[in-house]
Amino acid sequence: MLKRTGIPTSDDLQSVTPDKERLLEGPVAIIECFNEIPCDPCFYSCPFKAIKKFDDINDKPELDYSKCTGCGNCIASCPGLAIFVVDYPKNRLSLPYEFLPLPSVGDKVWGLNRAGKSICQVEVIKVKDPDKNDKTAVITIRLSKKYLMEVRHIKVGDLDE
Amino acid sequence: MILLINTDLLVIGGGPAGMTAALKAAKRKAEVIIVERYHELGGQLTKQTHRFFGSKSEQAGTRGIDIARGLTKEIQNMSEIKVLTEATAQGYYEDKIVTVSYQNKFRKIRAKRIIIATGASEKMMLFENNDLPGVYGAGAIQTLMNLYGILPGKKVIMVGAGNIGLIVSYQLLQAGVEVKAVIEADSEIGGYLVHASKIRRTGVPIYTGHSVKSAIGESSVKGAEIIKLDENWQMITGTERFIKADTICLAVGLRPLVSLLIQADCAMVYVPELGGDVPIRDENLKTTNDQIFVAGDAAGIEEATAAMLEGEIAGLKAASEIGYLSEDVVEETRRLKRELKKLRGGPIGRKIRRGLSKVRGDDNVKKNRYSHLR
Amino acid sequence: MNEDMIVCRCEDITLKELRDLIAEGYTTLDEIKRALRLGMGPCQGNICLEIAAREICKMTDKKMEDIKMPSKRPPISGIKMSELVGDNQNEK
Ligand SMILES: Cc1cc2nc3c(=O)[nH]c(=O)nc-3n(C[C@H](O)[C@H](O)[C@H](O)COP(=O)(O)OP(=O)(O)OC[C@H]3O[C@@H](n4cnc5c(N)ncnc54)[C@H](O)[C@@H]3O)c2cc1C
Ligand code: SF4
Ligand code: SF4
């Protein structure tokens, strides 16, 4: 139960996941923002107007999967760190990361699920930390397809731990 | 002789509410003094290293500390505003004068209008051994960590899953501190779920329906005994569990800082939804004392976007009452009120709306909790 | 429940002391303040007064709204005598 544990349920997740067909087409944003809070920066960050304009600032974000290119611009704009980009065909996931040290390209790190459990090893393939992101780095990792929808965080450091 | 300073508008408290209030009034050419008890402006914002929520047009997505820097710079560029830091407003007197201790000197300030934007203070919680060294308020931990770069400990138990508890947990994690658990008495997480999810996925468990029974340790915290609560928040014996930690951080709520308002004889009501005693006021944030406005957390615990909007509304109104009228005031005030209404419109704002319904009107004035002092 | 927990940190007052006093018939904050010095330390009751008010409510079946609050006199925080007597002549 999301409200008791902080872990979204599969129902919650289903409501923000595009269908298989869209996933197979290429990268797309998954916005895991489940309660109506007064917040709207994600809308302003999307260059393709894929996130619908908020009628009411309390609305939940609504993504038009057909307009989303998976560019990842929105990831670092979200103060809730709730936006991820999944690239199904390429087995890639991009996520926001605000811890130091940042991993380096090529590093093998732990992939953590939404409950914080290390579930698999993943490979870092991109680290973006431009000034405009204001210290929220966007990390792209490669991982096994079956974990694409499970891994939502990484742990940098010794893999043996 | 204690020096007396005259001004149009006195703003007490230099947080987001006070800063925007001063700016709005000064832009209409009012002469403004801000008194701030710390050595710099910014209030709570100076401790917030995370990105802010709220409306993009009121700077959401920007880190709190950067919002403070931006506003401070704007204020420094206004010749109409005089900022006194390390200046604590100490009292309000019948002759409408405020006393201030300013860098160890006493001053009296007489202003045509006063905006009180003193923010809030932290609530405490009762449990056994709550005076053991290692028990901190979340504010103290933020000050240590984000202003002075000092870690409070290595393993922390956070009490309270409201936004503050969740955000401070995240900041502790970023500083390399282990957060052993977040304990919340309510059956649900009170803060934004995105904050909860973001600490949860780093591996921090969140125990809702739990409380701290006692802090364990002889001379300092070695851990805490936590316990399950039933629906009526009563402890269920037999469910105690020990968690090892060297720090217990309390984030169990804030209460508006209203002493000056009480001294100024503003009618006060107890509104739990807004954090405690708050002043009765009209929609321009004017209290029942004609000289005095209130804005921000001092008017009721909310968040920075609301504090800034309230500050702007009060600043505008105060300036026009002093006589600095400009054509756009009506339109501008209307826009600000619309923004504020939108912000409070959603489910998160429900509690605030309920609270606000208790701070208007003559019936509520009669509930003044301090009327016996008159 | 163990009542040996601190209600007012400034004046080191425990829950037990507070409850005993309420049971004796001290049921207003003003009385309690005078008897125990609760709320008269450096923080001026910012922390303890609400806790005490809640205990009175519990033990006397009152509502928080009905508890009369003690006055808040200036100065709000501690100040030095030198500030008051004014060494303003030292000013630059
Ligand atoms: C951990 C944490 C995270 C938060 N995150 C967010 C967020 O993401 N988004 C959001 O919108 N809000 C957030 N907030 C809330 C936001 O910080 C506050 O609502 C906002 O700062 C209130 O503004 P204010 O100006 O009313 O009060 P404050 O910021 O508290 O400022 C009050 C100022 O008054 C001064 N003062 C008090 N008494 C006196 C006196 N007698 N004389 C002189 N000066 C005095 C104080 O020193 C202080 O500087 C957060 C708060 C906390 C604690
Ligand atoms: S990934 Fe790019 S296109 Fe898709 S929502 Fe985010 S910013 Fe818009
Ligand atoms: S910016 Fe993030 S938290 Fe805010 S509405 Fe968009 S997705 Fe939700």
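Modeller: Ligand 1 is surrounded by 33 residues, the closest being B:E36, B:Q44, B:A89, B:D297 and B:A304. The model is a predicted one. Four helices and strands of chain B, namely α1 (16–27), β4 (87–92), α4 (163–174) and α7, each contribute at least two residues to the shell around ligand 1. Helix α7 is the part to follow here.

A polar backbone atom of B:A17 is 2.9 Å from an oxygen atom of ligand 1. For B:D297, a backbone N or O atom lies 2.7 Å from a ligand oxygen. The side chain of B:E303 has an N or O atom 3.1 Å from an oxygen atom of ligand 1. Ligand 1 would expose 1000 Å² if taken alone, and the protein buries 94% of that.

After the helix comes B:G323, which has a positive phi, near 125°.

Next, the charged side chains. Over all chains, the count of salt bridges is 35. In one of them, the side chains of B:E321 and B:R113 meet at 2.7 Å, N to O. B:E321 belongs to helix α7 and B:R113 to strand β6 (residues 105–116) of chain B, so this pair ties together parts 208 residues apart in sequence. B:E321 has a relative accessible area of 30% and therefore counts as partly exposed, while B:R113, with 15%, is buried.

A further salt bridge joins B:E310 to B:R344, with the closest N and O atoms 2.8 Å apart. This pair links distant parts of the chain: B:E310 is in helix α7, whereas B:R344 is in the loop between α8 and α9 (350–356) of chain B, 34 residues apart. B:E310 and B:R344 are both buried. Salt bridges with shared partners also join B:K24, B:E312, B:E332 and B:R335 into one network.

B:D328 sits in the loop between α7 and α8 (329–343) of chain B, and B:R28 in the loop between α1 and β2 (32–35) of chain B, so the pair ties together parts that are 300 residues apart in sequence. The relative accessibility of B:D328 is 37%, so B:D328 counts as partly exposed; that of B:R28 is 15%, so B:R28 counts as buried.

For contrast, here is a part of the surface. B:L147, B:Y148 and B:I150 make a nonpolar surface patch of about 300 Å². B:Y148 is in the loop between α3 (138–147) and β9 (155–159) of chain B, and its 54% relative accessibility is why B:Y148 counts as exposed.

Technical notes. Residues are numbered from 1 along each chain as its sequence is written. Chains are lettered from A and ligands numbered from 1 in the order in which they are written. This is a predicted model: local features need pLDDT of at least 70, side-chain atom pairs count only at pLDDT 80 or more; totals for chains, interfaces and linings use all residues. Side-chain values use heavy atoms; hydrogens and water are left out. Patches are made of residues with over 30% relative accessible area and no salt bridge: like charges are joined within 9 Å, nonpolar side chains (Val, Leu, Ile, Met, Phe, Trp, Tyr) within 5 Å. Accessible areas come from the Shrake-Rupley method with a 1.4 Å probe; for residues, only the protein chains shown count as cover. A salt bridge is a side-chain nitrogen of Lys or Arg within 4 Å of a carboxyl oxygen of Asp or Glu. Buried means under 20% relative accessible area, exposed over 50%, partly exposed in between (1.4 Å probe, protein chains only). A residue is near a molecule or strand if one of its heavy atoms lies within 4 Å of it. A polar contact is a pair of N or O atoms within 3.5 Å; within protein, one must be able to donate a hydrogen and the other to accept it, and residues adjacent in sequence count only if both atoms are side-chain atoms.
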